[in-house]
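Subject: Structure for you to look over

Dear colleague,

I am passing on the structure we spoke about, and would be glad if you could look through it alongside the notes below.

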Amino acid sequence: MSQNQSSNLTDMPTNTTRSSLNLRMTVYVSLFTALIIIGGYISVPLPFGPVPIVLADLFVMVTGLFLGFKWGLTSVALYLSLGALGLPVFASGTSGLAVLFGPTGGYLFGYLLLVASVGFIASKGKQSIIRNLIALIIGNMLLYAIGVPWLKTVMNFGWAGALAAGLTPFLPGTVIKITVAVALSRVLLPRFKQTLLSASVK
Amino acid sequence: MTFFHYIHRDTVLHRMDGRFKLLCMLLLSLSASFASQLQHYLVLLFVVTLALLIAKLPFKALLKDLKFFGILILIVFVVNAFNIPGDPIPNFPITSISLQGVITGLRFAARLTIIIIVCAVLTGTTPLMTLRNVIEWYLRPLPFVPEVRIATMINLTFMLIPLIFDNFAEMMKAQKARCVELRKNPIKRINFIVFPLLNQTLRRVDEIAYAMEARCYSEVRTRAVFKSNKIDWLLLAICLSVFLFVIL
Amino acid sequence: MALLETQDLTHIFPDGTVAIQNINLKFNEGEFVVIAGANGSGKTVFARHLNGLLKPTKGKVLIDGEPITKNIVETRKKVGLVFQDPDSQIVGQTVAEDVAFGPENLNLPVDQVEAVVKESLEAVGLSRLSTRSPHTLSGGEKRRLAIAGILAMRPKIIILDEPFTGLDYPGVVQVLKQIIQLHKTGHTILLITHELEKILAHADRLVILHKGKLVEDGKPEDVIYRSENYGVRMPLRDGEKVAALTWLK
Ligand SMILES: Nc1ncnc2c1ncn2[C@@H]1O[C@H](COP(=O)(O)OP(=O)(O)OP(=O)(O)O)[C@@H](O)[C@H]1O
Ligand SMILES: [Mg+2]
């Protein structure tokens, strides 16, 4: 097996059994959806600023890095659909269309863009830290590009208010999460791809 | 933590065919979004409150949900009341509040309340297993949608959550015993949580995939069967008429 | 002809780890074999070749004289594997749904699925827990549920990977009784463990793996005295017979 395989998960060697790979990806998608849900329940206090950070968006970023565009997007779409159905999966156990179309709904839909762009950019070509970092930064910019105007519209805020409520308090957390996501991908991602490959090639 | 809001009772709504129930709840949610006049809201509130009573769901569980939404509703109400231009309310001391603003705010609050109750009734009376089968059933006719795979994903997600949570709780205990609180660097703190969590669960999930393969996992599999009766059709008819009443 | 046979079975992982090496073994119908070995000796990797979850780097596995890869679904029905960690094997939201997972994969009609689920749950004595969430079961019950999930496929051979880990005394007794019952009802049993004192009295044969190689294969009373050479505790005290090695009274 070559070490410099392409990072695209669907681009497997020819002796891969299709069904076995599909099963594996099905299971991984479920895992990352579960992690995103759990991330909404885990909050970590910051030494500065009043807003503790939740880890849901960190796991969305990690999902993009690990699963790539197609399966990552599936995972986040599953997350949103479960919430829309009324299962208590959004931050601190909330759910339903009310949340999805409420003031913070933009961030939830933004997760789709976040995971899609991270997955798309990070899995193009050879894995590198710089590429992952760029993917994460662009992804998060898109997230806020939807989240903040949405908040502004739903809440009838002015721009200053929307930015103060929906962007500034979260920026330190986002920087931290990007750092963690990059660190994680450096250590765990190569091993993850290796397992996936050895499991599907057999 | 209660992930499954399902509460086992023996009521009409619990026995109802899941396919009909999902459709009814969808119709009521849609009605709430389209409602524009006072009588629409009154009818809808009446119907959903009745459903809540029939389902014999404890109000306590609902209150927990409402606590979060209560704040949300209040904020939206206040913001709307102040920001929407219009006529001041007669005989009211605060003149910056407009009548139109208050009405918009009330509308939003009513809509939100209805949708929350609808969700509570649906998840409170339907086990996750049924809900998953219903989703699978509705996705069947759609082309290019792997409905069995989606059903499996829903299933696995909710099977994994308690496992991961236990794992997480164990880990936090072990770290507390080693005074993790003294670490101030948030990057380190998060790394201490996320790294082992991801590492362990990835391994575990690998085992799950093997175990499913060992039991011949296949996407061509036995399908759930549903049975409907007259009551299901009757309830659907009621919800449909509410919907028509609102949009017409 | 042996029911299940491995020829020259070797597995080398992509990172270069040689997990098992040139293993030649035959298992006959109705046998009760204990496979022992220290941690990392390759027991789990070996077991996963027997139903085709892992593909050998070299060698092959035969069932009824045919390569298992010829009809992999049929093989997996015949060779049931109970995993080391029951939590990773249980996929249903309820006990009954979990047992149904296998037969549903085989696309059996709904009434047949129901019948086989009922039968399997009765066989392991979990009928009254059929609507419980598996997550809330005790260790012994979980392990029996995992066994029921395998039974629902109507296997001929049942491989149990360390079925006693993490169980308390009543748990071990529950599972032990279950395994002996399975053997009585005509199943061929391959049981992986290093806790010989719990089970060996019931076995016909003891196989020991050491660093991926087959080092011992024979009657328990012959092999057991050499087990400590391979990192498996020899549980017999002076004058004790192998027949004493059971946790059943
Ligand atoms: N996916 C893998 N990649 C690389 N090496 C592996 C992998 N899985 C197992 N191994 C290695 O193969 C060897 C045999 O492992 P195996 O799990 O079969 O041991 P075991 O006898 O079951 O041990 P235990 O008693 O701990 O369960 C070990 O050295 C292990 O590190
Ligand atoms: Mg093992």
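This is a predicted model: local features need pLDDT of at least 70, side-chain atom pairs count only at pLDDT 80 or more; totals for chains, interfaces and linings use all residues.

Residues are numbered from 1 along each chain as its sequence is written, chains are lettered from A and ligands numbered from 1 in the order in which they are written, and side-chain values use heavy atoms, with hydrogens and water left out.

Chain B with chain A

Counting as contact any heavy atoms within 4.5 Å, 59 residues of chain B touch 58 residues of chain A. The two chains bury about 5000 Å² between them, with 81% of that on carbon and sulfur atoms; buried area here is the accessible area (1.4 Å probe) that two parts lose on being put together, summed over both. On the chain B side, the residues that lose the most area to chain A are B:Met153, B:Ile190 and B:Leu198, which together make up 12% of what that side buries.

Between chain B and chain A there is one salt bridge, the term being used for a side-chain nitrogen of Lys or Arg within 4 Å of a carboxyl oxygen of Asp or Glu. That salt bridge joins the side chains of A:Arg24 and B:Asp206, at 2.8 Å from N to O.

The helices (H or I, at least four residues) are DSSP runs, numbered from the N terminus. Those of chain B that each supply at least two residues of the side touching chain A are α2 (18-34), α4 (59-83), α5 (99-125), α6 (128-139), α7 (147-177) and α8 (186-214), and the largest share, 21 residues, comes from α8(B). By class, this side of chain B divides into 42 nonpolar, 10 polar and seven charged residues, with Ala, Val, Leu, Ile, Met, Phe, Trp, Tyr, Cys and Pro counted as nonpolar, Asp, Glu, Lys and Arg as charged, and the others, Gly among them, as polar.

Chain B with chain C

Here the contact takes 28 residues from chain B and 34 residues from chain C, and the buried area is about 2700 Å², of which carbon and sulfur atoms give 54%. Seven salt bridges are found across this interface, including one between C:Asp98 and B:Arg215, whose closest N and O atoms are 3.6 Å apart. There are also 15 residue pairs in polar contact, both at pLDDT 80 or more. On the side of chain B that touches chain C, α8(B) gives the most, with eight residues, and the classes are 17 nonpolar, three polar and eight charged.

Domains of chain B

The domain assignment, whose bounds come from an automatic or database source, gives domain 1 (1-144 + 227-248) and domain 2 (147-218) of chain B. Their centres, taken over C-alpha atoms, are separated by 34 Å. Nine residues of domain 1 are in contact with nine residues of domain 2, and the area buried between these domains is about 880 Å². Zero salt bridges are found between them.

With best wishes

Key: A polar contact is a pair of N or O atoms within 3.5 Å; within protein, one must be able to donate a hydrogen and the other to accept it, and residues adjacent in sequence count only if both atoms are side-chain atoms.
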